[in-house]
Every structure is written in C-alpha cells, then in structure tokens.
Amino acid sequence: MLLLPRMSSKLARSLLLLLFAFSICDAVALPGPISDRHRSAALELFAPQHGSFASLEESYEALRIFEILAVREKPDVRATTCPKVLENLVSSTPLKDLFYALKVNGILKCKVNGDIFKDIASRLKATVKDAKTLIDLYYSIGSLLLIKDQASDVDVLLADADGTFHSIKALSQSDGKWRYTDKPESSTYAAGLALEALAGVITLASSEIDQSRVNLVKNDILKLFDSIEKYDDGTFYFDEKLVGGHEHQGSISTTSSVVRGVFAFAAVTSGKINLPGDKILGLAKFFLGIGIPGDAKDLFNQIESLALLESNRISIPLILSLPASVYSLSNKDQLKVRVNTVLGSAAPPLTVKLVRAFSTVAKDSAVIQNKDLKYDQNSGHHVLDVLPDKVDVGIYVFVFEMVLHDADGEKVYATGGQIHVPIYVTGIVKVSNAEIAVLDNDLGSIETQKTLDLAGNDIVSLSANHLQKFRFSFQLTTPRGHAFKPHQAFLKLKHETKYEHIFVVGNAGKKFEIVLDFLGLVEKFYYLSGRYDIELTVGDAVMENSFLRPLGHLELDLPEAPTSKAPRLPPLAVDPYTRYGPKAEITHLFRTPEKRPPTQLSLIFLSLTLLPLIGFLVGLLRLGVNLRNFPSSAAPATYAILFHLGIAAVLVLYVLFWLKLDLFTTLKTTALLGVFLLFVGHRILSHLATTSAKLKSA
Amino acid sequence: MARSTSKDAQDLFRALWSAYSATPTNLKIIDLYVMYAVFTALIQVVYMALVGSFPFNSFLSGVLSCVGTAVLAVCLRIQVNKENKEFKDLAPERAFADFVLCNLVLHLVIMNFLG
C-alpha cells in the first residue's frame, strides 16, 4: 500500500492503526481481578471527615468495603459511629436511617440493649403489614432480617408472609421489571430491590411459602435477564431508561441492584435458576471493566457486586488475565497467564490450554496449536515456557481456554469458553546493507555511491544537480530471518530554509529502496537550491529498535525559477508551540475627533450672545420699569425675596448640573427647591393678587 | 409712485408705532423679552452656520431654550392681556406662576441635553 508522499507521519500512523484495530476486534484487553489499587482507592474515597462519615449510608458502604477487601489500614470510626447508630435505633426514625443503622451495627457490633430490638421489631412488623410502596417494604423487611442476625431472641417472623409475598409480587410486570407503587412507572432497579425483599420474606416466613409462587419469581428473573444489554466483548449489564419521579440510576447502580436481588433470592431458594454462565461471567466482566471508579458509591456497588459474584449459588466466574501482553523475543520472555476469582483469590484446580495462536495478518494459519500451559505453584501463574521458532515479531491473537480438573466444575464455575487475547511480540529488527548513490541519467550510471552503517553514526555528504537521480536502499530482517514491513519508513529532505519534503520508502520483500528523480521534483522543491539534510525514519510498534537517523547532507543544484511563474512558497509550518507565546501588540485606532472651531471664534460669539441681554436690559430701563409693586410690609416682603432667591437657586443648581452634577442629585434638589418655591411663590403671588383685587374694587 | 409708497410705508410704520405705544407697560416688557430670546437664537444659528453643527445636541439645546422661553413668554402675554376676553377670569399672577414653572422645567431639560 503506497501512501501519498507529503502525508504527515501522524496521519499515516493513525490509518494503519485503524486497519489493525479492525483485524483484532475480537480480541480485547482483559480487565484483571480486584487488586491493591482498589484497596487504596477505597481508602481515598471513603476517608472520614473529622473522624466520622457524613451519613449512616456512607458509613455502611465504607465499613463493608473495608471488610470485603480486607483493607489493613482502615480508619477506626467505632467511637464516632456507634453513638450515631444508637441514636438512630429508635422506633421513630425513618425507615431508611433505621435500615442503615442496623447494617452498620451488623459490622461494628455496638453494644445495643436487647429491648431496643424488640421495640423496633414490633414497629417494623406493623409497617410491613401496612406498607404500600416497594421502598418501604424493602427497608422494613431488610431491617427485620438484620435484627434476626443481631438479636437471636427477638421474634421477627412475619405472621402473614404469604400476603406480603403476594403484595410485592403484585408490583411486578410481565417484562421482568418491577413498579415502585401503583403508579405505572417501572424500573430494573426496582426489580433488584423487590427480589431482595422477596428473599427476605422467604427467610422470615413462619410457615413455608408456596413453591409455585417461588417458581413464578424465578421466571420473572429469567425474563429480567432477557432485557440485559451487552457489549461486543461479552460484557453484560443492565441499564435504565429515564424513569420519571425516582432518581435516575446509572448502569452501575442498576446492575448491582439486580445482582444483589438475584443472588439473595438464589441463596434462599432450593433448586436452580437457569441463568447461563456466560451472562454471569459477563456481569463480572462489566464490574471489573469499570477499573477504579472515581465515585464512592460506584466503588461500593462494584465491590459489593463482585463479592456476591465471588461466592454465589448460580455460577462463579473465573477471570483469566495476563500480567503483560507484550513479549520481547530479545529478552526471551515467557508467556504468563493468571486465573483468579473476581476478588483475586485462587481458582480451583484447572489447566489453561492455548487452543491456537495466529498472526493478525494471516488469520487462517495458526503458529501454535493445542499447547497446555504449565502451572507454577510458587507464583500462581500458568506459564508457556518457550515460544516456538515459528513465532516472529508482530501482533498475534492467542486463544485460551480453561479446563477444570473437576468434571462437575462446569456447573459451578463460569469460564467463558475461548478467550481471545492480543499479544505483541517484539524484537530487534536487523537493518543492513544501506547504500546511498547519486545516479547520472536514465541509464543509471553511478556518479557517487557510498555505503552506510545505519547502526553507527557516520554521515555522508553528496552533491547532485537536477539532471541526476538519488537512490537510497537498505534491508530489514526480522529476528527469525523474514522480511519485515514497518509502519513507518520515511525519508525526509529538509532545506536550510526549513522547507521539508517527506517520501515513503517502498519495499520489495526485504529490500527497501527509494529513487528520487530530481528532474520531476524541481517544482515540488520550489526551485530551492542549496543544502538539504537527509533524515531516515524507520519505526513500528513491534520493532524494539525504531530509529530516526540523520543520514547526511545533499548539495542540490536546481535551475532558477522562471520569472513568469514565480513560485509561490507556501507559508512555513509555524512551530506549534509559538501558538502559545505572546501575540503581536495591537495599537488601538481611536476615532479621530471632530474638527472644532478655533477658540477665539467661539469666544467672540459667546460675547455676541450676551449682546441681546444687554439690549433687553437697556430696553427695560427705557420702558421705565420700577419696583413700585414690591410689597412694603414685612411678611410679604420676605416671601418676595425668598421667591426671587428660590428662582435664583434653581438656576444656579442648573448651572452646577451642567458643570458637574448628575441628573439624579439635580432632580432630587430641584424637587426640594421646587416644593419650597411653590410654597413661597404661592404666598407672594396670592398676596399680590389680593392687593390688586382690592385696588380694583376700591 | 415710489414716493407715495415710501410715504405710505412711513405712515404705516408711524401708525403702528403709536398704536403699539398704547399697550400697557407689562406687555411691552414681555415683548422685549421675546425679542431678546429670538435674537439670541439667531446669533446661535449664525454661529452654527459658520462652524458646523458639531456637537449637534448643544446647538439644539441652545436654540430650543431660546425658542421655548419665547413661546412661554408669548403664552404669558396672551394670558395677561386684559383685552383678551378668553382669559378674563385667570389672575395674571397665576399666569406668571405657570410661566416660571414651565421655564424651570424647560431649562432643566435643556441643561440635561446640553452635554
């Protein structure tokens, strides 16, 4: 497959990786069993604040995880949590808090008075009889079960277990899901809760529940598992479509709720539930595939579900994992495989068989067939001691199968049939016979030829003109002596002006060769003569000695660019990191201010404006204005003066407003002055009016 | 003919002037005030014609102040004029108070618009 030259190396690599991905789509990276990383994540996520956890629910989750994972450095929260438990073990606490208080007490075993349990038990039994919703039934039945374990003398048996069983079963639906109340919204999460509650009812029943009803529930479980979702790699999980009203549970909470319910139910019923082993294994793969969750609740759901899967009555999943999936031929590694239960404990006696191994490029021919791996007692690994000579560098798919030594084991354990695992076999690829030559013309008479040791550091110095050709060749050989085609085999010519050209080196079998005819490349090189640095890149995922090596220089003499067709040099690729450097300074272009008239002209006109005022005053004098009507008596005189002062004050305020005040203060002050002015003006003007009226009548 | 026209014009002018002299003094004061306002407006318009209308809002506020106060003065004259039968019952002091109030409001707006 010839890639176009000048395609960037990244694009080429990604295309090749895509092709490889398609060829090994059956084989995926295997998630390993629970490890110490989960233990440290548990300590981190469930770190108590000020010595205690935020709620009883969180305390329970933390304590249960520490118990399951046998975490050694767990924090001691007895002193702070036991008092909280005791204060919640009263009849009046809400059902959910009571439930979690009892759960915490089950782990911590705080000192609780026996009478408290009796009290709570009687209240709970009453609640069970009257409960209308699934959640209430779940919590009350769960609490009664916990009391049964913690206080053996208290009577927790349900009088009407059949009735309770019936009321829970009545909420089920035909597709295996359950409703929370009479309202029609149903969910898979509720199914998990219901199954757990039903298991509780069976345990707490004073007389045995009718077996036909139990079988109906078993059918419900099978129907529920019909709605299971899966990924292509054999992972199974439950997911919830958006249910209004109740909080939306993600796939982890939903799946773990179902796991809790189903296995609780399976534990209390006789007879088998016919769930296929691969679905149980798929659930285990789902939880292990999460890795280390970042959320505390997700971690709790993961660990608790895996603990239930570890020892359940239906089918125990066995997990096959590889510590490493890359094997180096030069280091003479050994292929190691581990088989554990989900929590990392030892598996029952079994043999791991390598059914076949094939290369991804030749799927039909198997390089290894039907080998058994030897079990090493000390390390617990199954080991394939030596890879046969046929195995060369490359990507392979190894198909494993577990065969249990105990024939009945197939019913108890789920092994998952044939497991495909991608394995990378790497090695040192020999690079040899490197030759650089400058050829004269079509006939190929050699002008200069030099051999190069690509392992060393020597470089060559050549010169050529546009009539000549450049030839470079080398050989690649795998450790087993076969031809090898790497992902990348590029030759780069870089001019002193930083313009570079990349060419792919093609091959015929082991020999890689590239011939550059400069006559055809003159335009591509933008007519740039001068010194070109030559660089060779050979790389591949399975090649341990991939390299990028400068080979030397080439002084290239190209003709001048024709003036009619001046070569437009494309912009050089800017160093991508300068993108984050400081940018060019922008000088703001301010709006050019308007042209103003010269100051003197404005001042002249200002004085001209005052002329009419003078004319007005002169005219007033000529008309003979007088102040005869000014009141002489004291009170009206003051009012008159105040009136004129008021008007003057308002005008002064306006001038201040123009000079520096803002509208709001002006309005406020104007309002005040206006009120004053109104009052004063009214007095004086009414006085004047009455005076003139008197004069008229007189 | 021209002579009689100019004489007629002079006669007309004299007649007008003598009739005008008969108006009461307070009305004459108001007329004088109106003339003052109009002349101030004219000078501002001439200035704008010379230097251009930037900033336009200042020009408008200046001219409208003069025109507005002239209009208010004319209203005052109408209301105060004793010969005006329509406003017989309105006291001249009341008309003056209205004039003062309206002028104050007008000049507040003008000052805001002056910029």
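A salt bridge is taken here as a side-chain nitrogen of Lys or Arg within 4 Å of a carboxyl oxygen of Asp or Glu. In this predicted model, the side chains of Asp458(A) and Arg549(A) meet that description, with an N to O distance of 3.3 Å. The pair links distant parts of the chain, since Asp458(A) sits in the loop between β16 (446–452) and β17 (460–465) of chain A while Arg549(A) belongs to strand β24 (residues 547–557) of chain A, 91 residues apart. The two partners can also be set side by side for accessibility: Asp458(A) counts as partly exposed at 35% relative accessibility, whereas Arg549(A) is buried, with a relative accessible area of 7%.

Over all chains, the structure holds 22 salt bridges. In another of these, the side chains of Lys96(A) and Glu57(A) meet at 3.4 Å, N to O. Lys96(A) is partly exposed, with a relative accessible area of 37%, and Glu57(A) is buried, at 18%.

The side chains of Arg260(A) and Glu196(A) form a further salt bridge (3.8 Å, N to O). Because Arg260(A) lies in helix α11 (residues 251–268) of chain A and Glu196(A) in helix α9 of chain A, the pair ties together parts that are 64 residues apart in sequence. Arg260(A) is buried, with a relative accessible area of 16%, and Glu196(A) is buried as well, with 18%. Both belong to a network of salt bridges that also takes in Arg64(A), Glu67(A) and Glu304(A).

Helix α9 (188–204) of chain A leads on to helix α7, as it is one of the elements against which the buried residues of α7(A) pack. The others are α5 (95–108), α6 (114–130), α8 (161–169) and β1 (178–179) of chain A. The buried residues of α7(A) include Leu134(A), Leu137(A), Tyr138(A), Tyr139(A), Ile141(A), Leu144(A) and Ile147(A), and among them are also Ser140(A), Gly142(A) and Ser143(A). At 1.5 Å a residue, the 17 residues of this helix (residues 134–150) should span 24 Å, and this agrees with its end C-alpha atoms, which are 24 Å apart.

Turning to the strands, β14 (residues 419–426) of chain A has 6 of its 8 residues buried, so it is largely enclosed by the rest of the structure. Strand β6 (residues 326–328) of chain A runs parallel to β14(A) and is joined to it by 3 bridges; here Tyr327(A) has Val425(A) as its bridge partner. Strand β12 (residues 394–404) of chain A runs antiparallel to β14(A), with 7 bridges between them, and Phe400(A) is partnered with Ile419(A).

A nonpolar patch on the surface is formed by Leu627(A), Phe630(A), Ile641(A), Leu642(A), Leu645(A) and Phe676(A), which together have about 560 Å² of accessible area. Helix α17 (residues 634–659) of chain A supplies the largest share, 3 residues, and Leu645(A) has its place in this helix.

Chain B brings in Ile29(B), which lies in helix α2 (residues 25–51) of that chain. Leaving aside neighbours within four places in sequence, Ile29(B) is in contact with Phe616(A), Leu620(A), Leu623(A) and Val625(A). Ile29(B) counts as partly exposed, at 27% relative accessibility. Within chain B, Ile29(B) and Arg77(B) are 48 residues apart in sequence and 9.6 Å apart in space, C-alpha to C-alpha.

Definitions and conventions. Residues are numbered from 1 along each chain as its sequence is written. Chains are lettered from A and ligands numbered from 1 in the order in which they are written. This is a predicted model: local features need pLDDT of at least 70, side-chain atom pairs count only at pLDDT 80 or more; totals for chains, interfaces and linings use all residues. Side-chain values use heavy atoms; hydrogens and water are left out. Helices (H or I, at least four residues) and strands (E, at least two) are DSSP runs, numbered from the N terminus. The expected span of a helix is 1.5 Å times one less than its number of residues. Buried means under 20% relative accessible area, exposed over 50%, partly exposed in between (1.4 Å probe, protein chains only). Contact means heavy atoms within 4.5 Å. Two strands pair if DSSP finds at least two bridges between them. Patches are made of residues with over 30% relative accessible area and no salt bridge: like charges are joined within 9 Å, nonpolar side chains (Val, Leu, Ile, Met, Phe, Trp, Tyr) within 5 Å. Accessible areas come from the Shrake-Rupley method with a 1.4 Å probe; for residues, only the protein chains shown count as cover.
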